[in-house]
Structure formats: C-alpha cells, structure tokens
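Q: I would like to learn how to read a protein model one feature at a time. Could we go through one together, with the general idea given before each case?

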Amino acid sequence: MDFLEPILFESLASFIFPFCRISAFLAVFFVISGANVPMFVRALLALAFTVCVLPSLPAAPASLIPFSVEGLLAVGSEVIKGLAMGFMTQFLSQIFTMAGQAVAMQTGLGFASLVDPVSGTNAPVVGQFFTILSTLVFLSMNGHLAFFGLMLESFNTVPVGTQMLPPDGLYALSSFGSYMFQAAVAMALSSICTMLIVNFTLGVMTRAAPQLNIFSLGFAVSMVVGLAVLVLSLNAFMGNFTADLNEVFQATCSLVGTTCNDVW
C-alpha cells in the first residue's frame with residue numbers, strides 16, 4: 001500500500017495550499033469580513049470556492065509535502081498572500097469610512113453613532129452610511145467577482161511554493177495607505193471648506209453684534225448646512241468610488257504581479 005502514499009499527499013497538497021490562500025483572502029475581504037458574517041459562513045464560502053476552482057488551478061510541486069517543514073512554510077506563505085490581497089480591499093472600505101467620519105465631525109453630526117459591523121466599535125452614522133453605500137455599489141459593479149478572478153489569476157502569477165510576493169507588489173501594499181488618506185480628505189474637502197466658511201461667518205456676526213447671540217443658533221445652522229452639503233456631495237460619490245476602486249484594483253494587480261487587463 002506504499003504506492004498510495006504519494007497519491008494521497010499529492011491530492012492533499014492540491015487542495016490544502018489553495019484553500020489556505022483563499023480562506024485567508026475571504027477572512028479579510030471587504031464585503032464579508034465584518035463581524036456580522038459568521039466565521040462558519042466564511043469557511044463554507046472558502047471551501048466552496050476552492051472546490052469550484054480546483055480543476056483550473058496549476059498543480060502544486062510534487063516535492064511539496066503538506067506535513068513537512070517545507071509544507072508548513074508553504075502554508076504560512078499562502079496565508080500571507082491571501083491576507084495581503086484581502087487587506088487591499090479593506091483600503092477601499094476605510095476610504096469611505098474615514099471620509100464619512102470627517103464629514104460628520106465637521107457638520108456636527110458626529111454625536112449620532114452606531115456600532116460599526118466591521119470593527120465592532122462606535123462610528124458616526126454618516127460613516128456607516130458611506131460604508132453601506134460603498135458596499136452596495138461595489139456589489140452592483142461586480143467588484144467581488146473581479147477580485148475573485150484576480151485571486152484565481154494569482155495562482156498563475158504567484159504559484160504555490162513561491163515564498164515571496166513580487167517586490168513591486170509589496171511596495172504598492174505598503175505605500176497605498178497614503179492614497180487612502182488622500183482619497184478620504186478629497187471626499188470630505190467640500191464639507192470642510194463649507195463648514196469653515198459657515199463658522200467664520202457666524203464668528204464675524206457674533207463679533208459684530210454680540211447682543212444677537214448668534215452662536216446659540218450656530219449648532220442648528222451647522223447641522224442644516226451639513227445635511228445640505230452631504231446631499232450635494234452624493235453627486236460625486238460614484239465618480240470617487242470608481243476612481244478609488246480602480247486604484248485599489250491596480251495596486252492589487254501589482255501585488256500579485258499581473259496586469260488588470262488580463263482579469264477585468
């Protein structure tokens with residue numbers, strides 16, 4: 001029965017290593033990584049996705065035994081690759097969360113907060129609104145299918161057994177945080193400038209006529225103006241989301257060493 005041992009190890013290797021990368025990717029993926037999605041559901045999705053794509057994946061190296069030292073190192077490498085790809089999608093979520101928090105704090109709407117299903121902490125309602133809206137737009141644009149296709153393509157560009165991601169991809173991952181802050185500030189810049197003008201106007205009016213007590217109405221005026229700015233800023237939401245999604249996807253393609261035209 002010794003001849004069955006290599007066949008068994010080969011079968012296990014062809015399933016375990018892709019499953020580790022895919023499950024790590026889904027564990028931190030933008031849409032399903034929140035606390036409102038049970039871990040059991042994510043595990044089933046990873047198992048189903050692995051089974052579906054397994055026939056189209058390249059075979060693992062025959063010398064790579066799952067339960068050996070090299071196999072354990074390969075498992076760790078696959079987990080890191082999956083986490084890196086899934087972590088890139090979190091940048092897209094955090095862009096709109098941070099932009100919503102900045103708008104809420106500037107317009108006086110920051111006192112209204114809810115529990116963020118992703119982080120489990122209290123977050124302004126405006127940030128939650130932007131997060132839910134970006135999630136719905138992401139799913140309507142089939143962004144999840146594009147990233148799943150990129151995950152499938154990564155097995156060709158970064159095969160099982162490769163210990164490191166491309167250096168250009170690691171640089172894109174480490175430097176993409178700056179773009180996240182830039183995009184969040186760009187989305188909240190209109191509300192910041194508008195509320196600066198409103199507060200400056202209220203301050204001048206209070207200084208010119210202290211007996212009117214303008215600041216007693218300042219909070220209500222700030223909220224009304226903030227709601228108006230929030231409604232008007234939604235006109236540019238789709239353009240900002242498309243640009244940010246393209247940047248995230250381009251960076252993820254660089255992370256796995258491929259071009260986006262081959263996937264999307």
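A: Let us begin with disulfides, where the general idea is that a disulfide is a pair of cysteine sulfur atoms within 2.5 Å. Please keep in mind throughout that this is a predicted model.

Q: How many disulfides does the structure hold?

A: The structure holds zero disulfides. As for individual cysteines, cysteine 52 counts as exposed because its relative accessibility is 63%, while cysteine 193, at 40% relative accessibility, counts as partly exposed.

Q: Which pattern does the protein chain follow along the sequence?

A: The protein chain contains eight helices and two strands, and, when read along the sequence, these follow the pattern α-α-α-β-β-α-α-α-α-α. Among contacts with a separation of 6 or more, 80% are between residues 24 or more positions apart.

Q: How much of the protein chain counts as buried?

A: The general idea is that a residue counts as buried when its relative accessible area is under 20%. Of the 264 residues in the protein chain, 40% count as buried. The protein chain also exposes about 13,600 Å², of which carbon and sulfur atoms supply 71%.

Q: Is glycine 177 buried or exposed?

A: Glycine 177 counts as buried, because its relative accessibility is 16%, and buried means under 20%. This glycine 177 is found in helix H6, which covers residues 167-208. Although glycine 177 and phenylalanine 91 are 86 residues apart in sequence, their C-alpha atoms are 7.4 Å apart in space.

Q: Why is the pair of phenylalanine 129 and phenylalanine 130 tilted?

A: The ring centres of phenylalanine 129 and phenylalanine 130 are 6.0 Å apart and their planes are at 40°, so the pair is tilted. Phenylalanine 129 is partly exposed, with a relative accessible area of 37%, whereas phenylalanine 130, at 3% relative accessibility, counts as buried.

Q: Which residues of the largest nonpolar core touch the most other members?

A: In soluble globular proteins, nonpolar side chains tend to be buried together. Here the largest nonpolar core has 56 residues, of which Ile22, Leu92, Phe96, Phe138, Phe147 and Phe241 touch the most other members. The largest share of this core, eleven residues, comes from H3.

Q: What is phenylalanine 147 in contact with, leaving aside its neighbours within four places in sequence?

A: The contacts of phenylalanine 147 beyond those neighbours are Phe25, Phe29, Thr89, Phe138, Leu245, Val248, Phe249 and Thr252. Phe147 also belongs to one aromatic cluster, whose members include Phe25, Phe29, Phe138 and Phe249.

Key: Residues numbered from 1 in each chain as written. Predicted model: local features only at pLDDT ≥ 70, side-chain atom pairs only at ≥ 80, totals over all residues. Heavy atoms only, no water. Helix = DSSP H or I, 4+ residues; strand = E, 2+ residues; numbered from the N terminus. Buried < 20%, exposed > 50% of the residue type's maximum accessible area, 1.4 Å probe, protein only. Contact = heavy atoms within 4.5 Å. Areas by Shrake-Rupley, 256 points an atom, 1.4 Å probe, with all protein chains shown as cover. Phe/Tyr/Trp six-rings, centres within 6.5 Å; stacked < 30°, edge-to-face > 60°. Core = buried A, V, L, I, M, F, W, Y, C linked by side-chain atoms within 4.5 Å.
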